[in-house]
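Please keep the sequence and the three-dimensional view at hand while reading.

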Amino acid sequence: MEAVQNEKEGTKRGQISIHTENIFPIIKKFLYSDHEIFLRELVSNAVDATQKLKKLASYGEYNGELGDDLKVTVAFDKEAKTITISDRGIGMSADEIQKYINQIAFSGATEFIEKYKDKSGQVDEKAIIGHFGLGFYSAFMVAKEVEIISKSYRDEEPISRWVCDGSTEFEIGPAESRVSGGTERGTDVVLHIAEDSEEFLDEYRLRGILEKYGKFLPIPIEFDGKVVNNTTPIWTKAPSDLTDDDYKNFYRELYPMSEEPLFWIHLNVDYPFNLTGVLYFPKLKDGFQFKREKIQLYSRQVFITDEVKDVVPDFLMLLHGVIDSPDIPLNVSRSFLQTDSNVKKINSYITRKVADKLNDLFKADRAAYEAKFDDIGLFVKYGILSDDKFYEKAKDFVLLKNTEANGTPSRYFTLNEYREHVQANQTDKSETVVMLYATNAQQQHGYIESAHRRGYDVLLMDTQIDAHFINALEYKLEKTSFKRVDADTLDKLIDKGLNTESVLSEEDRTKLKDLFEQTLDNKSLAISIESMPADELPVTITMPEFIRRMKDMSALSGEQSFYGSLPVSYNVAVNANHPLTSKILSTTDAEAQKTLVKQVYDLALLSQNMLTGADLTAFVRRSVAQL
Ligand SMILES: Nc1ncnc2c1ncn2[C@@H]1O[C@H](COP(=O)(O)OP(=O)(O)OP(=O)(O)O)[C@@H](O)[C@H]1O
């Protein structure tokens with residue numbers, strides 16, 4: 001540290017000096033955790049160099065032949081233990097090599113953009129990948145020695161050769177020819193692979209890396225005589241130039257084994273950040289059997305990662321597709337992504353676009369939207385749960401589906417429509433609209449039917465996310481509560497304050513309760529005698545809403561929770577007004593009375609799909625004996 005005496009006595013000011021010898025090994029080791037990245041960096045440089053040449057030609061600053069095949073070639077030699085990346089781009093003179101390569105972190109790319117910014121006002125920053133002036137050095141993660149043989153596009157410059165063994169010393173001098181033997185413009189980067197990196201001297205491995213990172217690079221990349229990339233992926237084109245088939249084909253290119261997507265969104269922004277991409281809504285099979293990490297993140301057509309956790313809102317992680325943004329740097333780190341303001345903006349932009357698209361689909365063709373809703377519903381509900389801004393839009397297009405009633409097929413409603421639909425008949429004495437739902441139309445059939453008989457409507461909430469969804473709706477919607485049809489007796493589910501008269505005396509009620517308690521002899525059952533309409537079942541088993549819902553919610557989160565570990569409790573409501581109840585009371589034979597109690601209780605279990613094993617066998621025997 002150099003230090004100078006400050007005016008104030010005893011205080012010194014200084015400047016920390018960094019020595020390249022010290023920092024070089026650190027860069028080599030920590031620049032990228034993944035060594036295969038070297039190829040991405042070097043191929044990106046070669047693509048950049050080619051793009052720059054095209055740019056110069058378009059500005060009239062390069063008048064030579066561009067050649068038909070402005071491609072980048074990757075080759076390897078197992079014997080010589082080399083990997084060579086060659087391009088026919090702008091090339092470098094000896095001075096430029098000294099300037100761009102020898103000065104770490106002095107990026108030629110940044111300088112290039114600066115220089116050409118004002119030229120025509122249309123320098124395409126997006127076309128230039130490099131930004132940091134560090135990428136080249138990733139070569140030393142796998143090579144013990146690196147050669148650059150380069151011929152500048154300027155005719156007067158001779159071919160130069162630079163060699164460095166990864167120390168801070170290098171050699172530079174003239175060369176006779178390029179690696180190909182010719183003297184044409186462009187650059188060869190020859191890596192002499194270190195012993196611990198010989199795994200890269202393998203056709204399969206190299207092709208894999210090229211296909212992973214370079215699948216959509218804008219300049220053809222040739223490996224082993226074949227071009228590995230598609231230089232004009234659809235996200236680089238204007239939506240108006242694309243057909244549905246183009247989008248579907250591209251989806252297949254990305255995910256060869258997948259079913260056709262439901263629909264897609266073409267993203268395209270250039271202010272306040274740059275972003276293009278196509279997001280697909282996949283067909284989701286059976287609730288939550290989806291795979292995350294399906295969205296691929298690119299920066300100027302270079303693949304970066306498929307961990308888009310911070311760029312894409314969590315609830316949209318189920319989407320598929322690509323996002324390309326030059327505003328996301330190549331060497332991204334998690335902590336960077338989390339704090340970067342562009343990333344936050346991208347996140348809310350994507351949320352908005354998705355909401356708008358869904359809204360458009362809903363408005364444009366409701367029937368088609370409804371047909372897809374079973375698949376889309378998961379995104380929409382998940383979005384409502386996780387993002388208030390999304391909810392603000394989604395509340396108009398999220399749909400509720402009811403169960404079919406007496407031959408009336410089920411229908412979809414928006415939140416407002418549904419409220420309208422049930423308000424008159426399902427408002428309780430505290431002015432709360434009670435929305436009834438079933439989680440399994442088959443298992444809860446008996447309860448659904450009883451509700452329908454009273455003219456109530458029952459929603460179907462049969463996806464795993466629904467417990468959370470209705471919980472969220474209860475918070476968001478005023479004076480609304482959701483109750484599962486079997487959460488209580490109907491009079492209590494929607495308590496209108498109208499009590500059905502009981503035909504039983506107080507004494508009979510106590511007697512009946514004691515009789516059920518003794519006969520069923522189960523401490524976890526809460527038995528009550530209720531005055532219900534005579535045409536409802538003699539016994540109804542219910543499961544209180546709150547604990548059950550909490551259990552359902554914790555089941556989805558997969559975590560052990562307080563509610564998850566609670567035992568299920570059941571309420572047994574005996575219908576005081578049912579004729580069988582009077583019959584039980586008037587039966588004088590104690591055994592016959594017990595049999596009746598067991599029988600009506602088992603019937604209630606049976607209707608709830610809860611009668612199994614030995615209890616079921618006993619019930620069947622008992623029933624047969626009575627016939
Ligand atoms: N194949 C090449 N042809 C011409 N110039 C090149 C080539 N490879 C590297 N360069 C020059 O060397 C510079 C430094 O390259 P380097 O990869 O270290 O950084 P960068 O590409 O600018 O940024 P990044 O760190 O993002 O890769 C480049 O900006 C470019 O000017």
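**Overview and helix H2**

Helix H2 is followed by glycine 60, whose phi is positive, near 80°. The structure is a predicted model, in which local features need pLDDT of at least 70 and side-chain atom pairs count only at pLDDT 80 or more, while totals for chains, interfaces and linings use all residues. Residues are numbered from 1 along each chain as its sequence is written. The protein has 19 helices and 23 strands; helices (H or I, at least four residues) and strands (E, at least two) are DSSP runs, numbered from the N terminus.

**The protein as a whole**

- Of the 627 residues in the protein, 36% are buried. A residue is buried if 20 or more other C-beta atoms lie within 10 Å of its own, exposed if 12 or fewer, and partly exposed in between, with C-beta atoms placed from the backbone.
- Among contacts in the protein with a separation of 6 or more, 67% join residues 24 or more positions apart. Two residues are in contact if their C-beta atoms, placed from the backbone, lie within 7 Å.

- Helix H2 covers residues 37-58, and its 22 residues should span 32 Å at 1.5 Å a residue; the end C-alpha atoms are 31 Å apart, which agrees. The expected span of a helix is 1.5 Å times one less than its number of residues.
- Because 18 of its 22 residues are buried, H2 is largely enclosed by the rest of the structure.
- Two packed helices are described by the angle between their axes and the distance between the axes.
- The axes of H2 and helix H5 (residues 203-214) come within 9 Å and cross at roughly 60°. That angle makes H2 oblique to H5. Axes are lines fitted to C-alpha atoms, for helices over the stretch in contact, and angles run from 0 to 180 degrees between N-to-C directions. Angles under 35 degrees count as roughly parallel, over 145 as roughly antiparallel, 65 to 115 as roughly perpendicular and the rest as oblique.
- The crossing of H2 past H5 is right-handed. A crossing is left-handed if the near helix is turned anticlockwise from the far one by less than a right angle, and right-handed if clockwise.
- On the H2 side, Leu39, Arg40 and Val43 meet Ile209, Leu210, Tyr213 and Gly214 of H5. By class, the residues of this contact of H2 with H5 are five nonpolar, one polar and one charged. Ala, Val, Leu, Ile, Met, Phe, Trp, Tyr, Cys and Pro count as nonpolar, Asp, Glu, Lys and Arg as charged, and the others, Gly among them, as polar.

**Helices H9 and H13**

- Helix H9 (residues 366-386) packs with helix H13 (residues 466-476) at an angle of about 50°, and their axes are 9 Å apart. H9 is therefore oblique to H13.
- H9 passes H13 in a left-handed crossing.
- Lys381, Ile384 and Leu385 of H9 meet His468, Phe469 and Ala472 of H13. This contact of H9 with H13 has four nonpolar, one polar and one charged residues.

**Individual residues in helices and strands**

- Methionine 435 lies in strand E18 (residues 433-438). Methionine 435 is buried, with 27 other C-beta atoms within 10 Å. Not counting residues up to four places away in sequence, methionine 435 touches Val422, Leu459, Thr480 and Phe482.
- Alanine 604 belongs to helix H18 (residues 590-607). It counts as buried, with 22 C-beta neighbours inside 10 Å. Leaving aside neighbours within four places in sequence, alanine 604 is in contact with Leu537, Val539, Thr540 and Ile541.
- Phenylalanine 546 is in helix H16 (residues 545-557). With 10 C-beta neighbours inside 10 Å, phenylalanine 546 counts as exposed.

**Loop residues with positive phi**

- Arginine 300 sits in the loop between strand E13 (295-299) and strand E14 (302-305). Its phi is near 50°, a positive value in a residue other than glycine. Arginine 300 counts as buried, with 27 C-beta neighbours inside 10 Å.
- Asparagine 406 sits in the loop between strand E16 (399-401) and strand E17 (412-414). Its phi is near 40°, again a positive value in a residue other than glycine. Asparagine 406 is exposed, with 7 other C-beta atoms within 10 Å.
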